[in-house]
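Colleague: Hi! Could you walk me through this one?
Modeller: Happy to, here it comes.

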Amino acid sequence: MSSILDPDVSLSEMRDIYELKDQIQDVEGRYMQGLKELKDSLSEVEEKYKKAMVSNAQLDNDKSNLTYQVDTLKDVIEEMEEQMAELYRENEDKSKELERQKHMYHVSQHKVEELKEGIRQRDELIEENKCMQQRVDTLTREVFDLQETVNWKDKKIGVRGQNEQSDCNCMRCLLSVGQCDIYPTILEHGMK
């Protein structure tokens with residue numbers, strides 16, 4: 001009570017109270033300003049957080065899609081590697097088959113050349129045989145003609161003498177010697 005009555009004390013206290021009040025208001029103003037800034041900052045952070053969450057969700061979605069694509073591509077690559085291995089095996093088999101076919105072709109070519117040579121030799125032999133046959137036919141005709149001549153002379157001359165008889169015998173000997181080589185051909189033509 002004594003302080004209420006004392007005007008100096010009261011005035012001083014009042015001044016202190018007003019100063020404190022001003023300070024409190026100043027602190028309250030700064031607090032309110034800080035609170036407002038904090039709210040604004042919180043709104044910004046919340047907005048950024050929402051955007052980050054959306055972005056994270058999108059990134060997770062993209063990651064899932066990319067993971068799926070990577071897995072799919074891995075499967076495709078694995079399948080292609082298997083196909084490549086199979087194609088490589090087929091290529092090796094076909095290369096071996098090609099080499100075998102080439103070898104068989106060369107063997108066949110060699111056989112064809114041998115057959116051509118055989119045909120050529122056969123044709124030569126056929127030609128030689130034709131020539132020999134013509135020669136045999138010519139000799140057969142000549143022998144036949146000579147034999148007919150001898151027979152004709154035998155009939156015509158009869159027994160004219162020893163000289164002619166010995167000439168005929170000599171000719172018959174020659175003919176019979178000549179007939180040895182061509183006797184089968186003469187038999188074919190009906191001459192004996």
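Colleague: How are Glu-97 and Arg-100 separated in helix H2?
Modeller: By about one helical turn, because Glu-97 and Arg-100 sit three residues apart in helix H2. Helices here are DSSP runs of H or I with at least four residues, strands are runs of E with at least two, and both are numbered from the N terminus.

Colleague: And what do the side chains of Glu-97 and Arg-100 meet in?
Modeller: A salt bridge, at 2.7 Å from N to O. The rule asks for a side-chain nitrogen of Lys or Arg within 4 Å of a carboxyl oxygen of Asp or Glu.

Colleague: Before I go on, what sort of model is this?
Modeller: This is a predicted model, where local features need pLDDT of at least 70, side-chain atom pairs count only at pLDDT 80 or more, and totals for chains, interfaces and linings use all residues. Residues are numbered from 1 along each chain as its sequence is written, and side-chain values use heavy atoms, with hydrogens and water left out.

Colleague: How many salt bridges does the count come to?
Modeller: Eight. Among them, Arg-120 pairs with Glu-117, with the closest N and O atoms 2.3 Å apart, and Arg-120 also meets Glu-124 at 2.2 Å, N to O.

Colleague: Switching topic, what is the overall fold pattern?
Modeller: Along the sequence the pattern is α-α-α, with three helices and zero strands. Buried residues make up 6% of the 192 residues.

Colleague: Which helix has the lowest mean pLDDT, and which the highest?
Modeller: Helix H1 (residues 2-5) has the lowest, 50, and helix H2 (residues 7-157) the highest, 90. That score is the predictor's confidence in each residue, from 0 to 100. The protein averages 82, and 77% of the residues score at least 70.

Terms used:
Buried < 20%, exposed > 50% of the residue type's maximum accessible area, 1.4 Å probe, protein only.
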